[in-house]
Amino acid sequence: MASAHKNSKTTAFLPPPYFGCVEAQVWRCKIPSQCHFPYLKTLRLKTILCLSQEFSTRAFRSFLDQNSIQSINLGSQLWKPETDWSPFCEELFKAGLELLLTADTHPLLIMCGTGFHLTGMLVGLLRKAQGWCLNAILQEYKAFDSGRSECAAEWIEHFDLDLVAFDLSKAPNWFRDSLEWIAMEQRGEWPAAAPHTMYEQYYFPSSSFPLVSHKVQYDPKESLVGDDDDD
């Protein structure tokens, strides 16, 4: 028994650095090492989207082939640092968003060399498309990288989402729901069933979201120091 126990192998399910869930069937991380392959296998990925020029080892390419995972390396296809003075590549994020907003590519994993720089920018632009305010976008960005948030904020704020071309009928359900909730909010309505987007899970872990309905009417506030104060 002791010998059998000694020779037994235990599979460790270790997620890659900076791993996180973006939305249903969409994850993010740093380029993984071989020790992370068992965990990635549990995600049953269909697509891996790499945003940086450096991509993978032979072992990783073999892992992709064995699990029939499509790899799209936008970094090597679109990033041209010798001609691009900007720290960000507009075409890279445009193409990345178009892939993210196509449900046929899911389950999908976004990654880059650091796990937070280019990946964080793409996720930030997705949040912008979902209607998040800039402060909320940066809070999520800073959870992975606090050092470049000012540069990221300016770039995300000025990125033109009209450049992104995609078919809404082929977009994932969670994105179409986001657009519907934005439209309902603009009409002064609210869904009958409280939605559970990643935004709400991140900032409002309570199941009672929204914390206060927009229909609640408050009584006029009275000053704590009024005319009837005899002190």
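Predicted model: local features only at pLDDT ≥ 70, side-chain atom pairs only at ≥ 80, totals over all residues.
Reader: Why is Gly-124 called buried?

Author: Gly-124 has a relative accessibility of 4%. Buried means under 20%, so Gly-124 counts as buried. This residue lies in helix H6, which covers residues 117–129.

Reader: Leaving aside its neighbours within four places in sequence, what is Gly-124 in contact with?

Author: With those neighbours set aside, Gly-124 is in contact with Ile-137 and Ile-156. Contact requires heavy atoms within 4.5 Å. Separately, the C-alpha atoms of Gly-124 and Ala-152 are 8.5 Å apart, although 28 residues separate the two along the chain.

Reader: What makes H5 oblique to H6?

Author: Helix H5 (residues 90–100) packs against H6 at an angle of about 60 degrees, and their axes are 10 Å apart. Roughly parallel requires an angle under 35 degrees, and roughly perpendicular begins at 65; the angle of H5 to H6 therefore counts as oblique. The crossing of H5 past H6 is right-handed. On the H5 side, the contact is made by Leu-92, Phe-93, Gly-96, Leu-97 and Leu-100; on the H6 side, by Leu-118, Met-121, Leu-122, Leu-125 and Leu-126.

Reader: How do the residues of the contact of H5 with H6 divide into nonpolar, polar and charged?

Author: Nine are nonpolar, one is polar and none is charged. Gly counts as polar, and Gly-96 of H5 is among the contact residues.

Reader: How do you know that Glu-23 forms a salt bridge with Arg-127?

Author: The closest N and O atoms of Glu-23 and Arg-127 are 3.1 Å apart. The cut-off is 4 Å, so this pair qualifies as a salt bridge. Glu-23 belongs to strand S1 (residues 20–23) and Arg-127 to helix H6, so the pair ties together parts 104 residues apart in sequence.

Reader: What makes Glu-23, Arg-127 and Glu-140 a network?

Author: These three residues are linked by salt bridges. Arg-127 also forms a salt bridge with Glu-140, with the closest N and O atoms 2.9 Å apart. That pair links helix H6 to helix H7 (residues 134–144), its members being 13 residues apart.

Reader: Are Arg-127 and Glu-140 buried or exposed?

Author: Arg-127 has a relative accessible area of 0% and is therefore buried. Glu-140, at 8%, also counts as buried. Glu-23 is buried as well.

Reader: Why are Glu-98 and Lys-94 said to be separated by about one helical turn?

Author: Glu-98 and Lys-94 are four residues apart in helix H5, which means a separation of about one helical turn. They form a salt bridge, with the closest N and O atoms 2.8 Å apart. Glu-98, at 18% relative accessibility, counts as buried because the limit is under 20%.

Terms used:
Residues numbered from 1 in each chain as written. Heavy atoms only, no water. Helix = DSSP H or I, 4+ residues; strand = E, 2+ residues; numbered from the N terminus. Buried < 20%, exposed > 50% of the residue type's maximum accessible area, 1.4 Å probe, protein only. Axes fitted to C-alpha atoms, helices over the stretch in contact; angles between N-to-C directions. Parallel < 35°, antiparallel > 145°, perpendicular 65-115°, else oblique. Left-handed = near helix turned anticlockwise from the far one by under 90°. Salt bridge = Lys/Arg side-chain N within 4 Å of Asp/Glu carboxyl O.
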